[in-house]
Structure formats: C-alpha cells, structure tokens
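Please keep the viewer open as you read.

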Amino acid sequence: MTTVLAICVAVLVTVSVYLMLSRELKSVAMGVFALGHGANLSIIAMSGSPVLADGGLRNPPILGVADLVDPLPQALILTAIVINFAVMGFLLTLLIVTARRTGTINVDELATEDRPDGGRAGGDR
Amino acid sequence: MRMSSLILQTAVRFILPLTFLYAAYAALKGHNGPGGGFIAGLIASVGFCTYRMSYGDRAFHRLLPVHPRWLVFVGLGLAGAVASLPLLFGQPLLRSASTTLHLGGSEVHLVSSMAFDLGLLLVVVGVAVGMISRLGEELDR
Amino acid sequence: MTNDLLGLLVVIPLATSLATVALVRRPVPQRILGLVSLCSMLVLALSWLVRIRDGEVMVSQMGAWPAPFGITLVFDSLSGLLLCAGLLVTIACYVHGFSMVEPSTERRYFHPLMQLLIVGVNQSFLTGDLFNLFVAFEIMLMASYGLLAIGRTRRQMTQAYKYLLLNLVASTVFVITAGLVYGMTGTLNIADLARFVADRSNAGVPLPTGFTGLSVMLLVVFGLKGAFFPLWFWLPDTYHTCPISIAALFSGLLTKVGVYAVLRTFPLVFAAGDARDVVLPILAVSAGATMLLGVLGAVSQHNVRRILAVHVISQVGYMVFGISMMTTVGLAGALYYMIQHMVVKSSLFLCCGVMERHAGSDDLDEIGGLLKRHRWLGVAFFVAALSLVGVPPLSGFFGKLVIIRAGWTANWWLSAIGLVTGWLTLLSMLKIWTQGFWSPESGPRMNRGGDASGRVRCLRAAHTGIGILVVAAVLIGLAAEPIYDIAFHAAEQLTDPTTYIRAVDPLAAGSVLTASGGGG
C-alpha cells in the first residue's frame, strides 16, 4: 500500500513541477495545487500502514495504546487541506483580477508590460 | 456559469435538502466520529453551489439572502468566542466543557466544542459559497 | 509556570480583526480599535517579559491537553523578547500607515489584514508545536499576500505572484517535512522532539536515518522565509512595490519570523547529533554569503527603497552568523541583533516613506537637500542609519560586537566578512545621506510635497511612527545590558533544553534530567 502511495506522490510531484515551469500562470497555479495534494498523500504514506504484517494494529507512536489507528496524520492533512483550499481561493481570485487588469496571465507578457511604466507609476485603479 | 436543464433543476430540488441533512448529520456526529464542521460545511456548500448552477444567481439570492461574507464573520466570531470563553474562567484557550442532558429516556451528550464546530461550518460555507459565486460571476460576464 | 492568559495574544488580534471587518467603511474607529489592540498586547507581553526575566518559562496547554498531545503555547525569554519587539514595530508602522496608506487602500480591508498578520506572527512566536508553527506561518502569509496585493496596481500584482508561489512551494515542503518528522520521531511538539534528540544522544543511540535530510529541508523552508543566501532573490522586488508602511512592517517582522524558526528549532532539535556536522557548515557559508552579497547588492542600488530592502538580506546574514556558531554567546548575540534590527530597519523604511512623500521620488538622482527643509527627519534617519552600521553608543554596535567577537575564535573568516560588511553598510548609508539629505536642493520634482497644509498635517502620524522607533532604537542601545541578559537566558535555554522541556512537559522531562544531571 505504501508503495502505491509513494508512486502516486511521485507522479503528482512530477506533474506539478512540469506545470509550474509553464509560462501560463493558470498552469502554475494548477501545479501548486497538485503539489499540495502530493504533500498530503506523502503524509499518509509516512504514517505507514495501520495494519502490521502479522495482522495486528499498529499503535500510534505518541500513545502506546493498542486498538487505535493513529488519528494525527489525518488531522495534519485536514489542516493542510483547509489551508490549501484558502490559498487556492486567493490565487484564483488574484489570477482573475490580474487577467481583468492586464488582459493576460502569461508570465512573459506580464513581465514586458511591466517594464515601460518603470517605477511605481502603476496608477491606483 | 448556469446550466439550466430541466433534469438538473428537478434533481437539485431533491439533492439540496438531502445534502443539508447529510451535512447536519456529519456536523453532529463530528465530535466522536468521523465528520465535523469542516466536512459538513463543504457538503453544505456543494448543495448551495449545485443550486446556484442550476437556478442561477437570482434564485440563489432568495435561498441565501445574506452576503456569504457575513457567514464567515458570524462563524469566526462564534468559534473565536467559544474558544476564548475559558479564559474568563482561568482555563486555557479552547478548553471544552461538556454536560449530559436527560431528555425523557435518552441521554444527550452536549459539548461546548459543538458551538466551535458550528462556527467552523459557517466559515466554510461562507468562504466556499462566496468564492465560487464570485468566480462564477466572473465567468458569466 | 502556567499562564493561561497567553492565549490572549492570539485572541485579541483575531477579535479586533473581526471587529474591524464590521467597521470596514469607517477608518477612524478601525484605527482606534487597531491601536488599542496592539498597545494592550504590547503591555501584556512586556509585563510577562518582566515576570520571566530570571529565565523562567510560561506555558499554556491549549484545551488543557497535556504537552505532547495538545498544542502548547510557550512564552520564554526568546518568544517574549521577539513578541515585544515585533509589537513595538507593528505599532509604529501602523501609526505611520495612518498618513501613508491611501484611503482607498485602507477601505480594502487594510486594518483586518494587519490584525490577521499579527495573529500569525504572535502565534508563530508563541507556539511550541512544529505543525502549529506551519499553521501560524500560513495565517501570517495569507495576510501578507493580501497586504502585498492590496493596492491592486499592476506591478504589485505581478510581484505578488513571485512571493506567493515561492512561499506556497516552501509551505508544501514544510508540510512534507512535518509529516516526515512525525513519521520518524512520533511527535511534533518541539519540547518532546528536543527530549527525543537529547535522550538519543545521552544513550549513545544514533538518530533515525534521514534525520539530517529533515534538517536540511527545514533549513530550506525557513531560509526562504528568512531570505538566507541562495533563497533571497524574492525579497527586493516584493518590498519595492507595496505601500511603504507595509514594506517597513514586512522588513521588520516577516523575515525575522523565518530566522526565529531557525533559532527555535535548530539548537533544540534539528542541529543535534549527526545533523550538526551538516547543518552548521551550511549555516556558516550561507551567513557569509548573505552578509557580503546582500551588502554588495545594496551598494549597487540607486534607489532608497531598494537599498534598504537589499540591506535586510545582509543584516539577516549577521543573525545566521550568530546562529551558525550554536554557542550560548553566539545565539544570544543573534537574538539581540535581531531585536535591534527589527526596530532600526523598520524605522529606516518609515523615514524612506516620508522622504518619498517630500521629494516625490525615492530615486537618489531626483532627491536632495532634505536636511535643510526637514531637519528632524534627517536626524532620525541619521541615528537609525548609524545604528544599522553599528556606531558605538547605538544598538547595532553591541549586537555586532557580541557576534563578531564570539565568531573570532570559531570562524574568523566570517568575522572578517562581518567587519567588511559593516564598512560597506556605512558606505551605502552614506550614499543615501549625502545624496538625499546633504546635497544641494535640486531636481525637477523638488517642490512636490510639504506645501499643502493638508499634507503636512497628515504626515504627523508618520513622524510619530518614526519617533517611536528611533527612540526605541536609542533605548535598546542604552539598555543593552538588561536586554542582553534576557537574550542570554534565552540562549542558555536553547543550548541546554532541560528548562524548556521541564516547563512544557514535566512528565517526559525525567529521563533527560537524570541523564544529564540537571543540566548547567
């Protein structure tokens, strides 16, 4: 099971790196989200299988009590998901505002459009 | 972002109450079992969003007459108040109190963190619905 | 000792943030509320700092869950000093913002975001849990993303992406590392981790394989937030675009939170055992490069705001230098330096804001003769700049003295770089001073500000902010000894974790205490 998870993490991270290297900010954003999912999966993989080889349940390392699946990795992941969710909302909104303001979400075009007005003379709305 | 097909509209009429019911179930079960305010909030916002998709913006405003930002506001206020209330009694932050009510023959275990969860639910619904309808408005243009 | 009121430092700004959201259309009540919240937190933090001046540790177990299970809030000398300095800087920048932040920006949730930033910063200083540190970072970063893009100019938005994406990747690495730490050690509480590491080294058992890898991953995360050598490229552009009061606050607080995270976790946990031999050279090299390249970058700039922004990097180098020694004196020096740097650097940024307003530009070619017209601004800038350089009666001197002297025996070449950096700092500050203040009044844009009565009146808040910080900078220099004493207590608790572990987790501390004989 852990092997499968590890492969999934590897695929997710590969995809996300590929996406993040793109020139389009939309793809970059998707890459960041995929990376977040990879991180969450890797926590699951790290916490290990709750079932031991002999069929018994593995104790949570922090407790030392039997008959309990370790709840902590899930709590960590839930927190991470919540944060990812918030960041995703912010990033998508920023993308839309950028697209509306500049008409492009391509990194190269944003950089070139940035140059002519020089300093901070962007104008506040 | 409106898909006004008759089939979807009819289906959503059944889906909406069911999602809310399921959200309530998840929220109430959350203290001792899998579930909780966050998940319940997400489930409820799925209901809201499908409704918005099938019936459009105006009908959605009738369903949820307040701006989602106020849901976030009330939710955060509730959760924060419940979390910091123990400070008044010399207890650390987030300490929860519990009591058992005897209603007729059955016992109900009440915990103060339930109110915290409710606040969380409101925050999640507010954020998710607000975000999706904001992004949806952008697509409608 | 237990002090359950520690939670107030998180609750107060959160409540204020909500209250200011409700008042979002009315700036004046928001300002009053925000100031009351910040000042009350500063008073609380100062009173607690006085109570623990003998090196005690205040602890609050959230939800009354005992240490390794719940989240612990810890207020020790390290957190206390940084909280006080951070809140002081925030108050000054906030007041400065009253006259510097555009009204349209202020209505875009400036005040709530500010309070939310403080929630994150306070929580990261207070928390005793690695994962909670991540959460605190995220709260702080969410607020800072908002503040960065607040003016919604095109430039701000393009720069915000750089900051946002880099920090997102760093946060993801942090989550992965936290998961790996839990998988390897079975705990995320920093005190419990310190106990784990100390137990292993006392018993002669090697740390789990790959522990060094975790240290390096965390170093990358914190290094990016703190702008250490190879990871500092995002900083100058980011600080260049946002409103100046916000840039001042970021320069004083955000990078320091990264340095604080290194200071908190590395001596206690992640630079122990085998990891020590890997982490310390990395830190040392990074410190040297950060100091030297940062200051060279600053000398080559021609724009007040950019010079100051690049300087933040070079100053971070001194702190990393102090940390890289991992000795009590080195850590104490780094902490003292950090505190004075937060105050001094922010005050320079605040001065820069007023200069921009008066001269209409921050390009050194276009401004000049400011000393003749605005004498007190010149004095304030001069004091802060000399303090940054490290001229004896001022605060920067003592910080550099401690770090460089401690480093002379450990890494003499780093001390040498530190001295050279000091000279180059002087050079770049002189550049601003001579061209901005001393040079004859000239330039096409000279008569832009200062004449309209409305403008002069509204700058009063900005001057108050600068005044607060400059006075604080002088006081930190004059009161160097008591502050250094507290910093020394903090460093002792970092090099010998027994006090910290005993305070956070009395039950688990037994094993370490017996093994190391009660500690020094």
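In this predicted model, B:Leu101 stands opposite B:Val108 in β2(B). The strand β2 covers residues 106–111 of chain B and runs antiparallel to β1(B), with six bridges joining them; strands pair if DSSP finds at least two bridges between them. Helices (H or I, at least four residues) and strands (E, at least two) are DSSP runs, numbered from the N terminus. Together β1(B) and β2(B) make a hairpin with two residues between them, and B:Gly104 in the turn has a positive phi of about 60 degrees.

How many of the six residues of β1(B) are buried? The count is zero, so strand β1 (residues 98–103) of chain B is hardly covered. A residue is buried if 20 or more other C-beta atoms lie within 10 Å of its own, exposed if 12 or fewer, and partly exposed in between, with C-beta atoms placed from the backbone.

Chain B also touches chain C, and this contact takes 13 residues from chain B and 15 residues from chain C. Two residues are in contact if their C-beta atoms, placed from the backbone, lie within 7 Å. Chain A meets chain C as well: 35 residues of chain A are in contact with 34 residues of chain C. On the chain A side, the elements giving two or more residues are α2 (25–47), α3 (72–102) and α4 (107–114). The largest share, 15 residues, comes from α3(A).

Chain A itself has four helices and zero strands. Of its 125 residues, 28% count as buried.

C:Met1 is found in the segment before α1 (8–22) of chain C. Is C:Met1 buried or exposed? C:Met1 is exposed, because 10 other C-beta atoms lie within 10 Å. Leaving aside neighbours within four places in sequence, C:Met1 is in contact with C:Glu56 and C:Met58. The C-alpha atoms of C:Met1 and C:Val59 are separated by 6.2 Å, though 58 residues apart along the chain.

Residues are numbered from 1 along each chain as its sequence is written, while chains are lettered from A and ligands numbered from 1 in the order in which they are written. As this is a predicted model, local features need pLDDT of at least 70 and side-chain atom pairs count only at pLDDT 80 or more, whereas totals for chains, interfaces and linings use all residues.
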